[in-house]
Each structure stands twice: as structure tokens, then as C-alpha cells.
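I opened my notebook to look around a protein model, one question at a time. Come along and check each entry against the picture.

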Amino acid sequence: MSTGLLALFAFTPILLAAIMLIGFRWPASRAMPLVYLFTAAIGLFIWDMSFNRIIASTLQGLVITIGLLWIIFGAILLLNTLKHSGGITAIRAGFTTISPDRRIQAIIIAWLFGCFIEGASGFGTPAAIAAPLLVAVGFPAMAAVLMGMLVQSTPVSFGAVGTP
């Protein structure tokens, strides 16, 4: 089989996921199992992988996913603790006394705090903590998510201390 055709088969699961999620607007809980089965079939029949290797890769993916979800669970727990304990209100009041300028607030929360959280735990935690914190302080949701995602590019090259 030619290299171009193998590359096309390697790209088809990504394309299938995009078509199902974006084109047909299916929920991920319905689209991703089908994409997984399609990918496993490509591994079995096109790439000549053994069934044991596909099962082992699936189990490895589940273990990695559980580890990532455990770290993100801690980040969301911290955010909810701040919200229900009144910490968000205190943070909001503190940031308005530091500077009423939104740009300064964005730099402090998104970049400084986001870099600290990325270095402490990694795995997209700034998006899970800094972005909701920005929304709680009063930023528009789209701007908060954009800043939360952008902040992950700076400290990610240094690695995370909190990762096992």
C-alpha cells in the first residue's frame, strides 16, 4: 500500500470525528465510540495490528485519561471551593482595588496565575481554573476562554511539577 494512502487512512479518524461533531452536531458521547471502533478497524485491517495490541493501547489510553481527569478534578474542586466559600467575591474585590484596568487584571490572572497553575499541575488546568476565574471577575466568556488557552503556551515547555 502506498504511503499517501496510509496517510489518508491515518487522517480519516480525525476527519470522521470532525464531521460527526461539527457537521452532524452529534454529542461526543455518541460520536467518539464510533470513531474509536473505526480507528480500531483501521488498526486491525489496514495497519495489520494485532487484537492484543489494540486492547493494550485502549487500556493504556484509559489509564492516562484517568490520571488526567484526576488532575483536572482537583482544579475544578479548587474553583468550586473558591466559589462556594466566598473566595471569588474576595478575589473580585481585590482585583478592582489593584487596578480597574481590565488589561492588568488579565495579565495578573491569566498570565501570572495561569503560568503558576500550569507549572504546578499542567494538563490544561489554566483553562479549567483561570478562564472561569476571569469570567467570575467579569470578563466576557469568549475572552476568558481565549486567554485561558493562550496562557498554556508560555509555561508548558518547562513541564509541570505536579505531574506524576
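Predicted model: local features only at pLDDT ≥ 70, side-chain atom pairs only at ≥ 80, totals over all residues.

**Entry 1: one helix residue.** Before I start, a term: a helix here is a DSSP run of H or I with at least four residues, and helices are numbered from the N terminus. Is Ile109 buried or exposed? Its relative accessibility is 0%, and buried means under 20%, so Ile109 counts as buried.

Which residues does Ile109 touch, leaving aside those up to four places away in sequence? I listed Phe95, Gly114, Ala130, Leu133, Leu134 and Val137. I then checked Phe95 on its own: it is 14 residues from Ile109 along the chain, and their C-alpha atoms are separated by 9.2 Å.

**Entry 2: the core around it.** Next I asked which residues make up the largest nonpolar core. It has 12 residues in all, and Ile109 and Phe95 are among them. The other names I wrote down include Leu79, Ile88, Leu133, Leu134, Phe139 and Met147. H4, H5, H6 and helix H7 (141-150) each supply at least two residues of this core.

**Entry 3: helix H4.** I moved on to H4, which has 12 residues. From its first C-alpha to its last, H4 reaches 16 Å, close to the 16 Å expected at 1.5 Å a residue. Which residues of H4 are buried? I found Gly87, Ile88 and Phe95. These residues cover an arc of only 95° around the axis, which puts them on the same side of H4.

What covers the buried residues of H4? The cover includes helix H3 (51-85), H5 and helix H6 (125-137).

Entry 4: I followed the chain to Pro100, in the loop between helix H4 (87-98) and helix H5 (102-120). Pro100 has a relative accessible area of 71%, so with the cut-off for exposed at over 50% it is exposed. I also compared positions: Pro100 and Phe113 are 13 residues apart in sequence and 18 Å apart in space, C-alpha to C-alpha.

**Entry 5: two loops with a positive phi.** Arg25 is not a glycine, yet it has a positive phi of about 55°. I placed Arg25 in the loop between helix H1 (3-23) and helix H2 (28-46), and at 70% relative accessibility it counts as exposed. Asp48 also has a positive phi, near 55°. It lies in the loop between H2 and H3 and counts as exposed at 66% relative accessibility.

Entry 6: Where is Thr12? I found it in helix H1, and it counts as buried at 18% relative accessibility. Not counting residues up to four places away in sequence, Thr12 touches Phe38 and Ile42. Val35 sits in helix H2 and counts as buried at 8% relative accessibility.

**Entry 7: stepping back.** How many helices and strands does the protein chain have? I counted seven helices and zero strands. The radius of gyration of the chain is 20 Å, well over the 15 Å that the globule rule gives for 164 residues, so the chain is more spread out than a compact globule. Along its principal axes, the C-alpha trace spans about 65 × 35 × 30 Å.

Of the 164 residues, 27% count as buried. The chain exposes about 10,600 Å², and carbon and sulfur atoms supply 76% of that area. Last, I looked at contacts between residues at least 6 apart in sequence: 58% of them join residues at least 24 apart.

Notes:
Residues numbered from 1 in each chain as written. Heavy atoms only, no water. Buried < 20%, exposed > 50% of the residue type's maximum accessible area, 1.4 Å probe, protein only. Expected span 1.5 Å × (residues − 1). Arc of directions from axis to C-beta. Contact = heavy atoms within 4.5 Å. Rg over C-alpha atoms; globule rule 2.2 N^0.38 Å. Areas by Shrake-Rupley, 256 points an atom, 1.4 Å probe, with all protein chains shown as cover. Core = buried A, V, L, I, M, F, W, Y, C linked by side-chain atoms within 4.5 Å.
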